[in-house]
Amino acid sequence: MSAPTTEAASTVARPDVEEPPDTGARHKLTAVTGLAALSLDAMASVAYGPEAIVLVLAAAGAYGLGFTLPVTLAIAALLAVLVASYRQVIAAFPDGGGSYAVAKAHLGARTSLVAAASLVLDYVLNVAVAVTAGVAALTSAFPELYGDRVWLCLLVLVLITGVNLRGIVDSARAFVVPTAVFVGSILVLIAVGLFRDAPVSTEAAAGHASVLADNATTVGALLLLKAFASGCSALTGVEAIANAVPSFRAPAVRRAQHAEIALGALLGAMLIGLSVLISRFGLQPVEGVTVLAQLADASVGHTWAFYVIQFATMTLLALSANTSFGGLPVLLKLLARDNYLPHVFGLKADRQVHRHGVLTLAGVSAALLVFSRGDTNTLVPLFAIGVFVGFTIAQTGMVLHWHRTRGERWAGKALLNGLGALLTGVSAVVVTATKFQDGAWLILVALPLLVAAFEFVHRAYGKIGDRLEVGRIPEPPHRDRSLIIVPVSSLTRLTSEALTAAVSLGDEVRAVTVCHPDPEDRALSEALERDWALWNPGVPLIRVDSDRRSLGRPIASYVRELTAAEPGTRITVLIPEVEPAHVWQRVLQNQRGAVVAHAVRRDTHAVICRLRFRLDLDVAVPRPAVPQACQRRGTQS
């Protein structure tokens with residue numbers, strides 16, 4: 001049987017104690033598979049990071065484009081700071097959580113919730129942006145598919161979700177090849193381009209209008225800051241590995257650190273290499289063709305290699321949503337562990353999958369895809385703001401971490417993190433200001449609402465914990481007199497099984513039947529009483545009359561009367577139900593048990609026990625004939 005106090009206690013208990021045991025290292029990541037599972041977002045950002053810089057600097061004409069490499073070098077320097085910082089975060093917080101864990105330890109609960117909310121928003125938006133960008137690349141190559149872009153986005157989302165439901169290792173293995181092809185293609189593009197004195201081909205940009213403005217004689221600091229902030233979109237995803245340290249094989253910290261360093265080295269090399277080629281070829285942005293496509297055309301020509309690079313880019317953009325599926329469920333688990341989210345997010349399946357987090361992320365992302373109608377430009381203004389907020393909070397928290405621990409060379413580490421906090425904080429302000437009217441204000445509204453939701457859940461768990469006296473030693477158990485109530489509507493083998501269980505559990509057992517005022521029901525109730533007397537099970541049958549056609553409320557009312565009359569008695573309502581042999585047979589049942597259970601749970605403090613009589617395990621045994629009146633009534637149960 002299941003007591004209400006037992007059910008309530010399970011809602012407050014730590015979710016991690018309910019998880020199945022670890023099924024082994026085969027369901028966890030290595031450094032290589034960790035790159036494939038958690039760095040696709042960062043890797044794919046080289047497709048739009050340099051372009052974001054170029055498009056901003058194009059406002060100052062060809063003179064402005066000359067600052068592409070310096071701005072990229074500044075971003076690469078910030079990337080180095082972030083990688084070094086998150087390498088330390090991984091070591092200091094091996095349970096994952098990234099900026100949330102850092103802020104919780106050093107900046108207080110409210111700041112940690114701001115960090116968590118910013119990460120949640122960024123992860124969700126990353127899925128939507130990645131999927132729409134990948135589908136946009138596909139519809140650019142095949143314009144006839146443009147009208148079906150929303151369905152294509154949802155199809156890609158379903159595929160990625162399905163792979164992740166099989167476990168993060170399976171998703172990593174599935175994405176290793178696309179990741180390797182993309183990184184290899186970009187590195188080949190850069191290597192070949194460095195040996196070119198001029199573009200091999202400009203066919204990709206031919207016939208497209210230039211977006212370059214008239215030449216300027218100077219470039220203002222504000223334009224450079226805006227270019228820097230826009231290019232920092234290439235840094236999204238750098239924090240994902242630190243958020244998901246528990247997903248790595250032992251030694252998890254060392255493997256996660258190796259993956260973080262490899263990510264920083266590859267991403268930095270690709271960003272700098274592409275920027276060098278932009279300056280080397282004097283590339284000018286045009287409408288309808290990406291900067292990466294122009295670079296591929298200039299380096300390898302309009303050959304099969306050009307299409308390989310484009311297809312690899314399209315594939316990785318779509319699959320970069322997997323970074324969110326690897327990082328967000330772990331973050332939701334930590335929030336659930338700290339009672340800021342329902343504890344169901346802390347449960348794992350047997351493949352180390354936080355299934356509820358994966359499905360929730362997929363559901364919210366699907367809603368965003370439908371809302372935006374599969375248009376990347378609708379979502380991009382909202383993107384990357386959250387990650388800069390998380391970066392700034394993590395860097396600030398690490399400064400306090402070094403100050404408090406005062407380990408070896410702590411001052412230099414604190415200075416490095418302080419510089420990172422300053423740069424990412426400035427970037428967050430600039431990005432928010434420049435994209436405010438394009439929709440960034442929605443993030444400023446969503447962040448406090450999400451924090452308020454976390455605190456609301458936390459207060460609810462606090463009240464439940466106080467009621468259950470969690471953390472205090474309870475009174476020793478004692479035995480009360482027990483009374484078992486068994487609702488019945490017919491005389492069948494199910495009735496016999498229920499009464500057998502009831503007399504085994506309680507000191508006293510009463511069978512209860514509800515009688516309604518119509519003549520047919522009264523006749524059936526009287527027939528049941530006569531047959532009950534003939535059967536004589538040793539358990540009294542109590543008839544409860546009800547003027548309304550209700551089943552659950554009369555039984556709940558009777559239980560309340562008993563509770564008032566016998567305050568020292570523990571009352572249990574044992575509800576017998578049939579468990580059909582086949583799933584489809586459930587539609588044949590009238591759901592009376594669920595109705596009674598709902599009414600008793602809502603209106604009384606009685607314990608509810610639902611006895612399942614499984615037809616698939618039943619064996620035929622000889623039994624006496626049932627009176628005809630009970631057979632007719634039994635067809636209604």
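Reader: Which residue of S4 does Ser-482 stand opposite?

Author: In this predicted model, Ser-482 stands opposite Arg-570 of strand S4. That position belongs to the pairing of strand S1, residues 481–487, with S4, which runs in the parallel sense over five bridges.

Reader: In what order do the strands of the open sheet lie?

Author: The sheet has five strands in the order S3-S2-S1-S4-S5, with parallel pairing. Neighbouring strands of this sheet are turned against each other by 30 degrees on average, with direction ignored.

Reader: Why are S3 and S5 called the edge strands?

Author: Strand S3, residues 541–545, and strand S5 each pair on one side only. For S3 that pairing is with strand S2, residues 508–515, in the parallel sense over five bridges, and Ile-542 in S3 is the bridge partner of Val-512.

Reader: Which helix lies across S1, S2, S3 and S4?

Author: Helix H24, residues 552–565, lies across these four strands and runs at about 140 degrees to S2.

Reader: Why is strand S4 described as mostly covered?

Author: Strand S4 spans residues 569–579, and nine of its eleven residues are buried, where buried means under 20% relative accessible area.

Reader: What makes Thr-569 count as buried?

Author: Thr-569 has its place in strand S4, and its relative accessibility is 14%. The cut-off for buried is under 20%, and Thr-569 therefore counts as buried. Leaving aside residues up to four places away in sequence, Thr-569 touches Arg-481, Ser-482 and Leu-483.

Reader: Why is Val-578 called partly exposed?

Author: Val-578 also lies in strand S4, but its relative accessible area is 28%. The C-alpha atoms of Val-578 and Phe-613 are 4.8 Å apart in space, although the two residues are 35 residues apart in sequence.

Reader: What relative accessibility does Leu-505 have, and how is it classed?

Author: Leu-505, placed in helix H22, residues 493–505, has 41% relative accessibility and so counts as partly exposed. The C-alpha atoms of Leu-505 and Leu-574 are separated by 10.0 Å, and these residues are 69 residues apart along the chain.

Reader: What makes H19 and H20 roughly antiparallel?

Author: The axes of helix H19, residues 385–405, and helix H20, residues 410–434, cross at roughly 160 degrees and come within 8 Å of each other. An angle over 145 degrees counts as roughly antiparallel, and H19 and H20 therefore belong in that class. By class, the contact of H19 with H20 has 13 nonpolar, eleven polar and one charged residues. The crossing of H19 past H20 is left-handed.

Reader: How do you know that helix H4 is mostly covered?

Author: Helix H4 covers residues 49–57, and eight of its nine residues are buried, among them Gly-49, Pro-50 and Leu-57. What covers these buried residues includes helices H5, H6, H11, H13 and H14.

Reader: What is noted about the phi of Asn-339 and of Asn-536?

Author: Each has a positive phi without being a glycine, about 65 degrees for Asn-339 and near 50 degrees for Asn-536. Asn-339 is placed in the loop between helices H16 and H17, whereas Asn-536 is found in the loop between helix H23 and S3.

Reader: Are these two asparagines buried or exposed?

Author: Asn-339 has 19% relative accessibility and therefore counts as buried, with the cut-off at under 20%. Asn-536 has 60% relative accessibility and counts as exposed, since exposed means over 50%.

Reader: Which kind of peptide bond joins Ala-250 and Pro-251?

Author: The bond joining Ala-250 and Pro-251 is a cis peptide bond, with omega at about -5 degrees, and Pro-251 is found in the loop between helices H12 and H13.

Definitions and conventions: Residues are numbered from 1 along each chain as its sequence is written. This is a predicted model: local features need pLDDT of at least 70, side-chain atom pairs count only at pLDDT 80 or more; totals for chains, interfaces and linings use all residues. Side-chain values use heavy atoms; hydrogens and water are left out. Axes are lines fitted to C-alpha atoms, for helices over the stretch in contact, and angles run from 0 to 180 degrees between N-to-C directions. Helices (H or I, at least four residues) and strands (E, at least two) are DSSP runs, numbered from the N terminus. Angles under 35 degrees count as roughly parallel, over 145 as roughly antiparallel, 65 to 115 as roughly perpendicular and the rest as oblique. A crossing is left-handed if the near helix is turned anticlockwise from the far one by less than a right angle, and right-handed if clockwise. Ala, Val, Leu, Ile, Met, Phe, Trp, Tyr, Cys and Pro count as nonpolar, Asp, Glu, Lys and Arg as charged, and the others, Gly among them, as polar. Buried means under 20% relative accessible area, exposed over 50%, partly exposed in between (1.4 Å probe, protein chains only). Two strands pair if DSSP finds at least two bridges between them. Contact means heavy atoms within 4.5 Å.
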